[in-house]
Amino acid sequence: MAAPLLETKLIVPLRRRSVVARPRLGERLDRAVETTLTLISAPAGFGKTTVLTEWLAGRADRARPAAWLSLDPRDNDPVLFWTYVISALGRAAPGIGATAITLLQAPAPPIESVLSMLLNDATSTDGDMVLILDDYHVIHSRAVQEGMDFFVQNLPPQLHLMIACRADPALPLARLRGRGDLVELRAADLRFTEGETAEYLNGVMGLALDADCVEALDGRTEGWIAALQLAALTLQGRNDAAAFIAEFTGDDRFVVDYLAEEVLGGLPADVRGFLLDTSILERLGGPLCDAVTGRTGGQATLEGLERGNVFVTPLDGRRSWYRYHQLFADVLLARLTGEQPDRVPELHRRASAWLEQHGWPRAAIHHALAAKDFARAAELVERAVPAMRRSRSEGALVSWFRLLPEDLFRTRPVLSVDFAGALLAVGETAGVEGRLRDAERWLKPGAGGRSETLAPVPEMVVVDEEEFHRLPAAIGLYRAALALTRGDPAGAAWQASRALDASPLDDHLGRAAASGLLGLAAWTSGDLASGIRGYEICVEGLKRAGHIADTFGCTVALADLRLAQGRPSEGMRTCRQALADASGPEGEVLRGTADLHVAMSSFLLERNDLPAAMAELQRSRELGDHRGLPQNPYRWRVAMAGIRVAEGDLGGALELLDEAGRVYVSDFFPPVRPIPALRARVLAAQGLLNEAFGWAREHGITAGDEPSYLREFEHITLARLLLARHATEGSAAALAESDRLLARLLQAAEDGRRAGSILEILVLQALAQRANGDLPAALDCLQRALALAEPEGYVRLFANEGAPMASLLATAAKQGTSPAYARRLRAAAGAEETPVQTGLIEPLSDRELDVLRLLATELDGPDIARELMVSLNTVRTHTSHIYAKLGVNSRRSALRRANELGLLPRNG
């Protein structure tokens, strides 16, 4: 007599009370039943059973009966397996399989005959049905698999098969896929989206985690549902959620236990050994795995792991490279370290050797460091430095250097100097001089006090001979950079000259760097012409050396220098030429391109072409941070603040300058237009003079200071504040103080041939003389300014001064002083305002009118912020001002009132 069947295997598992609704998967399964087979194949813990039970509970097509069978290892007996299958179908459609199950009870039943009877019964049924086989991965019996192959290939249209498993079954999947008879849901489909993760953690589990915690946990688990459940159980009742999530790894005891029981425990010993040995790798390829394990067949093993859904993800379409799930890799590595700690360094050494041989220097260094094979790591790093410098990857270099023992640098002069250069590149000066002295011990004095390299001696370790012979020049370069950080441009120029003399004529990169530092020292001293000459030589040398991306930082410097010279048109041409050279191999956009667009935006703004200036900033933003130099985030905000000032949005400008201060990153450029001074100018324009003068007190800026180039912009800013104080308070002392300061500043700027500063000083002197009541002197200053400005197309320099400047320009035009140019500037200064706003006590600003027009569209607040490229908070502030000026308290009322006043364009 046959043993009784276990009825619970034929019952659909109970639906959980609280689950995350996943309609996207239900819709996939609704469509899937029109095909022959649906395969739900994913590793343990991805919710395969839950997805099926939820679909059965919520499906729209309840007329289609479903047969359910939960499989276990005992079902590898073909008679028992098919008895359960027939019984499951019989429960869903009474009468089906009655003859087949009788035949199945005979001794050595012919399985294909039994299945033919079963399939004929299914064909004769009136309606459709679904057969679900859960946990099919437990089936490994060849006899059962052969029967399933026959069963699947002969399924009638009325019967749809769904299989849930952890590994792909031995069925003709490729054939079914090619015929369009297979629907597949895999780990990528089943894993939680970030939104589903949030719903599970906060909705189902009630953890009340913030968005950052949800995002971090979702990324750590990669949407693996079981791991989220384990993490959520651990988080319940804890007050340190963020700290736990930050440390949540495969070392977590719940994860370890789960994976050990559900995955590792069921694998053959050789496969388990492969997993442990290769757990040190971030990327898995067949040949690399062979090199690490010391065995062959790595590619076949990886492909088998993928088919078996053992937490392996292919990284390319050819299945050449794979990776392990993060938490799975953590568990494997923890097991390897715990069980075979002495084996770990050797595995890393093998990986490092293979990766170096096959052209993966960064990964080779990583494994050499992990193996604590520091001599090998130092050798690899020294070889990698030139390429790393070319790709501006000094941050990675510094992190490697800091992992190497101190003693290594004392015998490796090239490595020591490389460390110094990398520190300077990331803005750190501490320790640089010590590194240079360690290297200098291996040099001998030469003619003129210069150092020369010795031939390497046994105590010295040199890997890169070419870099070794460049040491004197490199040491000079880095000492020049150090001098600049100390505010010693003369010392920097002397060291850079020594470096230039020590550089061979064919060392284009070294000579370019020395020329650039000479230009930088000259710029810092206020010698603009020498600064430009140094940078132009530097750019040519960098081009010869093939370092095109490095020329962009020089081009930004040249643009700033041309602006200081009062030649923005030349600055614009320089940027455009650099952009023409910016196309890398196969159209690659090189790093620094984003900075060029920001520089061009500033020139276009000065010409009052606000749309074009905005378009350049938008292009810079679209390129992304990785296409910009470290300083681009703050430069972008400063440039956008200039546009906001031109639009009359002083609050928005101030907000952008505050952001710029927060993201400010220093470089070797002299800080000739510091953000605090720009901020003080906007505060003064807002009428917040006390706060603006607070800046001057904080930075020690007084009207009695001796003029210097590095503080020229700040002193001009102070002169502006004094003029504003006279305008608002009638202070004759402030006006006189401003007048004396401007006179000294003008003399210094003329001596330095800095036409950019001369222009602004003349504009302010014109306004000061007007305030003094001396119109002829005011017009004389204005005439000089217009003569300098007109050939270069300056507009905003005059327009930002508003009504007082507009009045002076009108007088100048009447007297025949550049009449067409003066009228254009007068219009830009706001002398011809549009639209005329009648019926309002206080008119709307241009920026408020922009916001009002967008309020009349269907855009919401965040959309308006994106359209105007401002923060949502700025939009809310403008909206509040609009409501107050219109005397309303809602968007609808504001639009109605604006239409009454004619402030909005008429439709049609």
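I began with Asp550: leaving aside neighbours within four places in sequence, Asp550 is in contact with Arg392 and Leu542. Contact here means heavy atoms within 4.5 Å. Asp550 lies in helix α30, residues 550-564. Helices (H or I, at least four residues) and strands (E, at least two) are DSSP runs numbered from the N terminus. I noted Asp550 as buried, because its relative accessibility is 15%. The classes are buried under 20% relative accessible area, exposed over 50%, and partly exposed in between, with a 1.4 Å probe and protein chains only.

Ground rules for the entries. The model is predicted, so local features need pLDDT of at least 70 and side-chain atom pairs count only at pLDDT 80 or more, while totals for chains, interfaces and linings use all residues. Residues are numbered from 1 along each chain as its sequence is written, and side-chain values use heavy atoms, with hydrogens and water left out.

**Sheet**

I traced an open sheet of five strands, in the order β2-β3-β4-β1-β5, with parallel pairing. Two strands pair if DSSP finds at least two bridges between them. The edge strands are β2 (66-70) and β5 (182-186), each pairing on one side only. Neighbouring strands are turned by 15 degrees against each other on average, direction ignored. For angles, axes are lines fitted to C-alpha atoms, for helices over the stretch in contact, and values run from 0 to 180 degrees between N-to-C directions.

Five bridges join β2 to β3 (residues 129-134), and the two run parallel. Ser70 stands opposite Asp134 in β3. Helix α1 (residues 23-32) lies across β1 (37-41), β4 (159-165) and β5. I read its angle to β5 as about 160 degrees.

**Helix α17**

I checked the length of α17, residues 326-339. Leu327, Phe328, Ala329, Val331, Leu332 and Leu336 are buried in α17. An α-helix has 3.6 residues a turn, so residues three or four places apart point the same way.

**Salt bridges**

My rule: a side-chain nitrogen of Lys or Arg within 4 Å of a carboxyl oxygen of Asp or Glu. By this rule I get 48 salt bridges.

Arg343 forms one with Asp277, the closest N and O atoms being 2.8 Å apart. This pair links distant parts of the chain, 66 residues apart: Arg343 sits in the loop between α17 and α18 (344-357), and Asp277 in helix α14 (residues 269-278). Buried or partly exposed? I asked this of Asp277. Asp277 counts as buried, at 4% relative accessibility. Arg343 is partly exposed at 25%.

Arg679 pairs with Glu691 at 3.6 Å between the closest N and O atoms. Arg679 is in helix α36 (residues 675-685) and Glu691 in helix α37 (residues 689-698), 12 residues apart. Arg679 is partly exposed at 25%. Glu691 is also partly exposed, at 42%.

Arg179 bridges to Asp181, with closest N and O atoms 3.1 Å apart. Arg179 is partly exposed at 48%. I also found a network of salt bridges that links Arg389, Asp418, Glu466, Glu467, Arg470 and Asp507.

**Last entry**

I placed Asp658 in helix α35, residues 650-662. Asp658 is partly exposed, with a relative accessible area of 27%.

Conventions: The expected span of a helix is 1.5 Å times one less than its number of residues.
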